[in-house]
Amino acid sequence: MATRPNRASRDGPGAASGISAGVLPPGISQATLVLSTHRPETVPLAKTLMADHDTVILEEPPDPGFTSMLSGRLEIDAYLQELDLEFPAYSRLMCEALRVLQHKGIRIVQVEPFIDTLLKIHEFFADGGKPSDLPQNTTLHRVYEVERKATAALLNFYSVSVRGTFDACIEAVKRFARADAQRFALRDQLRAEGIIEIIAAPGRHFIEAGQIHYPLWRELKSRLPRGYRLRVCFLMAAILRTLGLKGHLYGPGDLLTLLYRFHPHRRFDEEDILAARALVFIKLIAKEEIEETSDPVPHCRDELEIGAITRALSMADCRRLFGLIRKKSTPDAREIVLRMVGAKSKL
């Protein structure tokens, strides 16, 4: 089964799992926050839902070649070649889909102020600027600070995960999750501010966001005018239904981050076990795009399978498994874990 977000954050305004945005009465505007993953299998569903909106707001900073790519003046391959892509197959399919949508008259814009600001900070440093030169109490300084803390926590985790004890690794996971939650809090705040400017005009607006940005609905809700509808759609839920399942695809690390995101000053009984399971989960989950497969939803199925395995692990299970797989590649780690689970061994 797929896991759900923390009970305190489970139900956003108009939370839904389908891909139809419904029919709005005349004069009513709606923003649909669409939560998904950047995987090739999600593009057809996203395209279908985007086509039912007037405006599509992408989760990426403005790029000078984007408009030329959409219009066809710049080839998609040439456009993507200039970008540092984490998911190239997804990006190409999405560009193809966006071209079709724009030709149908749908407005497509890029809005991601946090990343845009981060790029400006990098340029500032490349020109000789120093952190101490960043003006206090500005967006530049705020972005720099949360990014610095999150990066430091991540580097600490990488270091500890190689040589540290299991307990030290758990603490490193929690430290990074808290820092990441703070970074996402600012990122969602800035993006909500940018989105509100875009959707000021009446209409139906599709807002793209990664699943970890579920709390973005609160930032949007607090800024929308009265009577403006806000709907949350978990895009992967439609895929899960084709597999006969319900719920949402959140791994243990994402669940931990969401706990801290919604309740930044609280401690939780489940935070240690979530961190322990995350140590195993990140060793098993496929990081690269899965291509050349007959399965139409390979990433979704992979996350379901790995999620089911890790949710069943106790703290003792995680402790033993981590010692066996911490220095293994993902394929080798999978083989070890699946062999033990398949044989119903006492982990």
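**Burial, salt bridges and a sheet**

Reply: Gladly! At 19% relative accessibility, E219 counts as buried (buried is under 20% relative accessible area, exposed over 50%, partly exposed in between, with a 1.4 Å probe and protein chains only). This is a predicted model, where local features need pLDDT of at least 70 and side-chain atom pairs count only at pLDDT 80 or more, while totals for chains, interfaces and linings use all residues. Residues are numbered from 1 along each chain as its sequence is written, and side-chain values use heavy atoms, leaving out hydrogens and water.

Me: Which residue forms a salt bridge with E219?

Reply: A salt bridge needs a side-chain nitrogen of Lys or Arg within 4 Å of a carboxyl oxygen of Asp or Glu. Here the partner is R223, with 2.8 Å between the closest N and O atoms. R223 is partly exposed, at 27% relative accessible area. Elsewhere, shared partners link D77, R92 and E96 into one salt-bridge network.

Me: How many salt bridges does the structure hold?

Reply: The count is 19. One of them joins R92 to D77, whose closest N and O atoms are 2.9 Å apart. R92 sits in helix α4 (residues 88-103) and D77 in helix α3 (residues 76-81), so this pair ties together parts 15 residues apart in sequence. Helices (H or I, at least four residues) and strands (E, at least two) are DSSP runs, numbered from the N terminus. Both partners are partly exposed: R92 has a relative accessible area of 31%, and D77 has 47%.

Me: Are E147 and R183 buried or exposed?

Reply: Both are buried. Their side chains meet in a salt bridge at 3.2 Å, N to O. E147 belongs to helix α6 (residues 139-163) and R183 to helix α7 (residues 166-198), so the pair ties together parts 36 residues apart in sequence.

Me: What is the strand order in the open sheet?

Reply: Two strands pair if DSSP finds at least two bridges between them. The five strands run β3-β2-β4-β1-β5, with parallel pairing. β3 (107-110) and β5 (229-234) are the edge strands, each pairing on one side only. Neighbouring strands are turned by 20° against each other on average, direction ignored (axes are lines fitted to C-alpha atoms, for helices over the stretch in contact; angles run from 0 to 180 degrees between N-to-C directions).

Me: Which residue in β4 stands opposite V56?

Reply: That is F206. Three bridges join the parallel strands β2 (residues 55-58) and β4 (residues 204-210). Helix α7 lies across β2, β3 and β4, at about 160° to β2; contact here means heavy atoms within 4.5 Å.
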